[in-house]
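Welcome! Here is a short tour of one protein model, starting with its ligand and ending with one of its helices.

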Amino acid sequence: MTERCQVAIIGAGPAGLALGHMLHLQGIDSVILERQSESHVRSRVRAGVLEQTTVDLLTDIGVAERLRREALVHNGFYLRFDRTTHHLDFHRHSGRHAYVYGQAEVVADLIDARKATGRPLIFDADDVTIADIDTDRPVVEYTDVDGRRRRIEAEAVAGCDGSHGVSRTMMPSDTRILVRSHPFAWLGILAHTRPVTEEGMYSAHPDGLSVHSMRGPRLSRQYLQVPAETDLDAWTDERIWRELRRRSQSDDHPPLETGEIIEKSLAPLRSVVTDRMQTGSLYLLGDAAHIVPPTGAKGLNLAISDACALSYALGRRHRTGDRSALTSYTDTVLPRIWQAQSFSWRLTSVLHRFGEDPYDWELRRARLTRWTQSPSEQQALGEVYLGLPFPTPWRFDG
Ligand code: APR
Ligand code: PHB
């Protein structure tokens with residue numbers, strides 16, 4: 001049996017769920033197919049810093065009620081080096097904020113909103129395949145939780161299935177994928193401890209970065225720069241705390257509080273941009289098309305920004321038949337993606353240890369000093385940290 005819908009969305013991460021909701025609000029139907037179970041998707045621990053731009057969008061589409069109640073509202077972040085702590089106040093320059101609210105919470109709110117619309121959101125969808133993308137009737141097939149093969153005929157396919165998904169494999173072989181690998185990873189923990197500062201902190205130590213973020217007054221999220229080939233099992237809780245404490249030592253704050261670690265993970269640092277994000281009736285969004293290193297926490301925000309642009313383009317075609325915004329989707333979204341790449345790379349290169357060379361540390365220290373001393377440097381950093389404008393509105397109102 002063949003089902004029909006306007007847009008088949010593959011992947012129920014922030015990109016797919018946000019797109020589905022924006023389409024719904026424009027009267028466009030979609031089916032969202034997700035490989036994992038609902039509980040898996042709801043409980044995945046990821047980064048959790050939202051730009052003001054993202055929060056404004058989520059508010060606009062009516063999914064920010066809990067976020068507005070529960071998110072921690074920050075003016076900027078702390079930088080620590082040479083045992084001294086500095087606050088970068090971006091709010092002062094712009095009146096805008098960053099919001100600390102875990103990606104899992106954003107995803108949970110979007111799943112709840114989707115369910116309230118009654119539109120299909122199918123978990124445990126196995127073996128998703130995409131065909132006929134060079135036509136206006138692309139076909140997506142999958143195996144449902146009962147083992148039955150299902151077929152969906154759509155007008156467009158949105159590939160929101162992340163960096164290991166099926167969508168990106170459908171791009172033509174001459175698509176350029178620009179990659180920069182970094183020789184380290186982030187070892188992340190979630191712990192029942194009080195955060196060391198009231199806003200997130202990057203601690204740049206000659207031996208490597210440590211990041212001290214939070215999810216609540218008694219829940220901290222912290223990261224350590226470790227070599228790329230690190231074995232997580234070699235890092236006992238005691239060793240993690242010792243290293244976090246060592247790298248974050250200061251003369252102006254008490255030492256880091258230690259406590260129960262409830263989650264531990266390892267994330268490699270990579271920068272990737274697919275410089276063509278569409279082919280025929282298939283469009284790539286979020287991690288399916290680009291990856292930023294976690295430094296600066298841009299990943300989720302970029303996924304929402306792509307969803308906004310595709311929602312607008314599909315809305316425009318739906319309302320007027322005009323395909324021009326769909327045709328130019330890649331060109332519309334790439335400049336903002338490169339701004340985020342540039343920002344993440346800048347933060348990554350200043351905050352991490354790259355090698356033994358003492359010249360390297362002095363250079364990084366000089367840059368860190370500028371960031372703490374120069375209002376214009378802070379203003380420039382803050383513009384991107386709190387979110388550049390999205391490339392288009394999410395709704396076509398013409
Ligand atoms: N079929 C169906 N679903 C799939 C498939 C597949 N073949 N492959 C992957 N998926 C699902 C994943 O299980 C996941 O739920 O697609 C979803 C992709 O979601 P994300 O990885 O969260 O990607 P995206 O929505 O682009 O959001 C980017 O997520 O990984 C973080 O740091 C990243 O913050 C960024 C954000
Ligand atoms: C987080 O809170 O998970 C976080 C904070 C800052 C980053 C990345 C992630 O740069």
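Helix α8 supplies three residues to the shell around ligand 1, the largest share. Keep in mind as you look around that this is a predicted model.

**The shell around ligand 1**
- In total, 24 residues surround ligand 1, and the closest are E34, R44, R46, Q103 and D287.
- By type, the shell residues divide into 10 nonpolar, eight polar and six charged.

**Polar contacts of ligand 1**
- The side chain of R46 has an N or O atom 2.8 Å from an oxygen atom of ligand 1.
- For the side chain of Q103, an N or O atom is likewise 2.8 Å from an oxygen atom of the ligand.
- The backbone takes part too: a polar backbone atom of L300 is 2.9 Å from an oxygen atom of ligand 1.
- Taken alone, ligand 1 exposes 710 Å², and the protein buries 89% of that.
- Two elements, α1 (14-25) and α8 (299-320), are those that give two or more residues to the shell.

**Helix α7 and its two sides**
- Which residues of helix α7 (residues 237-247) are buried? They are I240, W241, E243, L244 and R247.
- Seen down the axis of α7, these buried residues fall within an arc of 165 degrees, so they line one face of the helix.

Key:
Residues are numbered from 1 along each chain as its sequence is written. Chains are lettered from A and ligands numbered from 1 in the order in which they are written. This is a predicted model: local features need pLDDT of at least 70, side-chain atom pairs count only at pLDDT 80 or more; totals for chains, interfaces and linings use all residues. Side-chain values use heavy atoms; hydrogens and water are left out. A residue is near a molecule or strand if one of its heavy atoms lies within 4 Å of it. A polar contact is a pair of N or O atoms within 3.5 Å; within protein, one must be able to donate a hydrogen and the other to accept it, and residues adjacent in sequence count only if both atoms are side-chain atoms. Accessible areas come from the Shrake-Rupley method with a 1.4 Å probe; for residues, only the protein chains shown count as cover. Helices (H or I, at least four residues) and strands (E, at least two) are DSSP runs, numbered from the N terminus. Ala, Val, Leu, Ile, Met, Phe, Trp, Tyr, Cys and Pro count as nonpolar, Asp, Glu, Lys and Arg as charged, and the others, Gly among them, as polar. Buried means under 20% relative accessible area, exposed over 50%, partly exposed in between (1.4 Å probe, protein chains only). The arc is that of the directions from the helix axis to the C-beta atoms.
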